[in-house]
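I opened the model to look up its charged pairs and its sheet. The entries below follow the order in which I checked them.

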Amino acid sequence: MVYEELDIVSMVALVVLLVSTMTGRERSVVNRIFIHTCILAILSILADAVREVFIYRAVMPRAIITFSVLKALLTTSVLVSWLHFSEVFLDLRLSKGMRVLYWLPAMVTGTCFILSFWNKGVYWAVEPGIYQRGPLFFMELVSYCIYPVIQFGLFLWRSFKTVTRRMKIDYIKMATFGIFPAAGVIMQCFWGQAVPCVPASIMLAMLQGYLVVENREVSRDALTGVPRRPTLEKYLTQLLGEGALDPVVEGSHPYWFIMMDIDHFKTVNDTYGHLEGDHALQIVASVLQKCFLEHRGCLCRYGGDEFAAVVHCGEGELNVLCEEIEETMQKTADRNDLPYKLTISIGCEKILVRSEREIVDVIQTADDRMYKSKHTGELMMAK
């Protein structure tokens with residue numbers, strides 16, 4: 001009964017994670033996807049536990065096969081759900097056709113699982129309590145292992161747009177989710193059913209996922225969903241430590257500090273209320289996230305109605321980015337039919353420094369240019 005006991009321990013651990021996530025901070029899209037994945041994982045382990053009880057009590061073969069197939073399909077759904085999480089976590093924009101590919105391996109292996117009812121698939125059972133591997137058992141191994149490959153493909157795709165070592169480490173933590181179930185099924189294939197590897201591996205994967213989600217939620221502003229100011233400060237500190245901001249290594253693509261502030265935000269709050277002010281902040285944040293998506297760097301809510309960003313690009317590209325922000329902001333405001341004009345003032349400064357004190361001066365210069373832009377109505381482009 002060791003198998004069932006480990007199933008119970010794994011389910012209890014997942015229920016604790018689920019309750020902790022559902023009763024924690026305000027739910028973001030990432031948080032909701034994690035909750036959905038956690039529920040699928042609990043159902044998968046529950047189906048596995050029921051199957052083992054049926055085998056132990058010599059229940060009819062069809063019941064054993066039913067829960068074997070159910071467990072396998074639910075586990076595959078967990079891996080597919082985590083791919084969706086990967087897409088959101090990495091801020092990827094995949095087409096509907098690409099998302100269909102998520103399910104293609106699952107549909108192929110799912111067909112092999114269902115064939116088990118006719119003893120031609122992944123599992124085989126003809127007598128009560130007799131449960132063996134079928135002719136297509138290798139497809140279970142394939143289904144568990146192909147998703148980590150896809151996840152690392154997403155990671156490599158996104159990693160070309162990342163800069164700091166810290167960001168890449170966070171992405172690797174997320175992308176390695178599928179390795180745990182894959183390792184579990186590989187060990188179980190070689191060591192047999194006596195070694196209960198898969199439920200424990202799923203539980204470990206969800207635990208790691210929980211830590212990744214919690215780390216992300218802590219570092220992000222609850223209202224707008226963008227990183228908070230400490231994230232940007234750590235980003236600058238790391239760049240400084242790596243020597244990436246040193247004037248000596250300046251090339252055609254330096255780093256820029258961008259300070260942004262919503263115009264007449266106090267008037268919006270006083271006239272339309274703070275809920276409408278929050279709505280305006282969310283609109284601005286969504287526009288900035290969209291505009292900065294293709295640029296290597298870091299965007300954050302600096303404080304109040306101020307946002308700040310560090311980007312790595314050429315001067316011409318920066319000017320185009322500033323114009324894009326202004327145009328997108330206007331289009332978004334018109335689309336939301338706002339009763340007020342929603343504009344943003346921008347100030348930019350090149351980051352060529354060797355110390356944290358010089359970074360403070362850069363931020364102050366960008367801030368001054370932003371306020372000059374606010375008073376003159378002109379964008380303070382790169383100089």
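**Charged pairs**

I began with K266 and D270, which are separated by about one helical turn because they stand four residues apart in helix α10. Helices here are DSSP runs of H or I with at least four residues, strands are runs of E with at least two, and both are numbered from the N terminus. The model is predicted: local features need pLDDT of at least 70, side-chain atom pairs count only at pLDDT 80 or more, and totals for chains, interfaces and linings use all residues. Residues are numbered from 1 along each chain as its sequence is written, and side-chain values use heavy atoms, with hydrogens and water left out.

I found the side chains of K266 and D270 joined in a salt bridge at 2.7 Å, N to O. The term requires a side-chain nitrogen of Lys or Arg within 4 Å of a carboxyl oxygen of Asp or Glu. Both K266 and D270 are exposed. I took buried as under 20% relative accessible area, exposed as over 50% and partly exposed as in between, with a 1.4 Å probe and protein chains only.

Next I looked up R357 and D361, whose side chains meet in a salt bridge at 3.7 Å, N to O. Both residues lie in helix α13, four residues apart, about one turn of the helix. R357 is exposed at 57% relative accessibility, and D361 is partly exposed at 37%.

Which side chain does K374 meet in a salt bridge of 2.7 Å? I found D263 as the partner. K374 lies in helix α13 and D263 in the loop between β3 and α10, so the pair ties together parts 111 residues apart in sequence. K374 is partly exposed at 25% relative accessibility, while D263 is buried at 11%. I noted that D261 joins D263 and K374 in a network of salt bridges. The structure holds seven salt bridges.

**Sheet and helices**

I then traced an open, antiparallel sheet of four strands in the order β4-β5-β3-β6. Strands count as paired if DSSP finds at least two bridges between them. β4 (297-303) and β6 (344-351) are the edge strands, each pairing on one side only. β3 (255-262) and β6 pair over eight bridges, and I262 stands opposite I344 in β6.

I found helix α12 (315-335) packed on the sheet, touching β3, β5 and β6; contact means heavy atoms within 4.5 Å. Helix α13 (356-376) lies across β3, β4, β5 and β6.

Conventions: Axes fitted to C-alpha atoms, helices over the stretch in contact; angles between N-to-C directions.
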